[in-house]
Amino acid sequence: MATKKEMEVVKGVDLKRYMGRWYEIASFPSRFQPKNGVNTRATYTLNEDGTVHVLNETWNDGKRGYIEGSAYKADPNSDEAKLKVKFYVPPFLPIIPVVGDYWVLSLDEDYQYALIGQPSRKYLWVCMNAISFSSLCLFVLIMLLLSGLIS
């Protein structure tokens, strides 16, 4: 039986540049995200201790669902973008920590698009940052206006 090669991750990610709001463009379905969720996004804020505050949000039937947690480098001595994320379940009773992998598999040089995965290969997210998301919306609006589909 052939073993799968470990996924390659980005090296040398500048966490300060990575901070901000990222929108989920596509993903593999996961048990911890609602199937009908829309406008799914993650907001990352760098803490003074070098960890990252994580706020994941999605809307389902007009209601906002969210969870907050933290992320940190899996190996502080490595330049690989292998992070651990920690959330507490249930969020209102922070007793049971749930820790998962957050690997940056691909990141464009302008920090506009990212491919996020895990070594299990069960989860995958394609994300776009807030700046490029706004630019994309403006581009789509202009194209719709030019094509005459909206007036």
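Residue numbers start from 1 along each chain as its sequence is written, and side-chain values use heavy atoms, with hydrogens and water left out. Because this is a predicted model, local features need pLDDT of at least 70 and side-chain atom pairs count only at pLDDT 80 or more, while totals for chains, interfaces and linings use all residues.

**Whole chain**

Show the cartoon of the protein: two helices and eight strands, in the order α-β-β-β-β-β-β-β-β-α along the sequence. Helices (H or I, at least four residues) and strands (E, at least two) are DSSP runs, numbered from the N terminus. Of the 151 residues, 29% count as buried; buried means under 20% relative accessible area, exposed over 50%, partly exposed in between, with a 1.4 Å probe and protein chains only. A contact means heavy atoms within 4.5 Å. Among contacts between residues at least 6 apart in sequence, 38% join residues at least 24 apart.

**Aromatic cluster**

Select Y18, W22, Y44 and Y102, which ring pairs link into a cluster. Rings of Phe, Tyr and Trp (its six-membered ring) pair if their centres lie within 6.5 Å; planes under 30 degrees apart count as stacked, over 60 as edge-to-face and the rest as tilted. The count by this rule is four aromatic pairs. The ring centres of Y18 and W22 are 4.9 Å apart with planes at 25°, so this pair is stacked. Y18 and W22 are both buried. Y18 and Y44 are also stacked, at 5.8 Å centre to centre and 25° between the planes. Y18 belongs to helix α1 (residues 15-18) and Y44 to strand β2, so their pair ties together parts 26 residues apart in sequence.

Centre on Y102 next; beyond its neighbours within four places in sequence, Y102 contacts Y18, Y44, A81, K82, L83, V85, I116 and G117.

**Cavity**

Select Y18, M19, Y44, V52, V54, A71, L83, V85 and Y102, the lining of the largest cavity. A cavity is a set of points on a 1 Å grid over the protein atoms alone where a 1.4 Å probe fits but cannot get out, and lining residues have an atom within 4 Å of a point. Its volume is about 50 Å³. β3 (52-60) and β5 (82-89) are the elements that give two or more residues to the lining.

**T40**

Move to T40 in strand β2. With 13% relative accessibility, T40 counts as buried. Leaving out residues up to four places away in sequence, T40 touches W22, Y23, E24, Q33, E57 and T58.

**Two loops**

Select Y111 in the loop between β6 and β7. Phi of Y111 is near 55°, a positive value in a residue other than glycine. Y111 is buried, at 9% relative accessible area. Finish at R121, in the loop between β7 and β8. R121 has a positive phi near 65° and is partly exposed, at 33% relative accessible area.

Definitions and conventions
On a 1 Å grid over the protein atoms alone, a cavity is a set of points where a 1.4 Å probe fits but cannot get out, and a pocket is an open set with protein on both sides within 12 Å along at least five of seven lines; lining residues have an atom within 4 Å of a point. Grid points are joined across faces, edges and corners, and a volume is the space filled by probe spheres set on the points.
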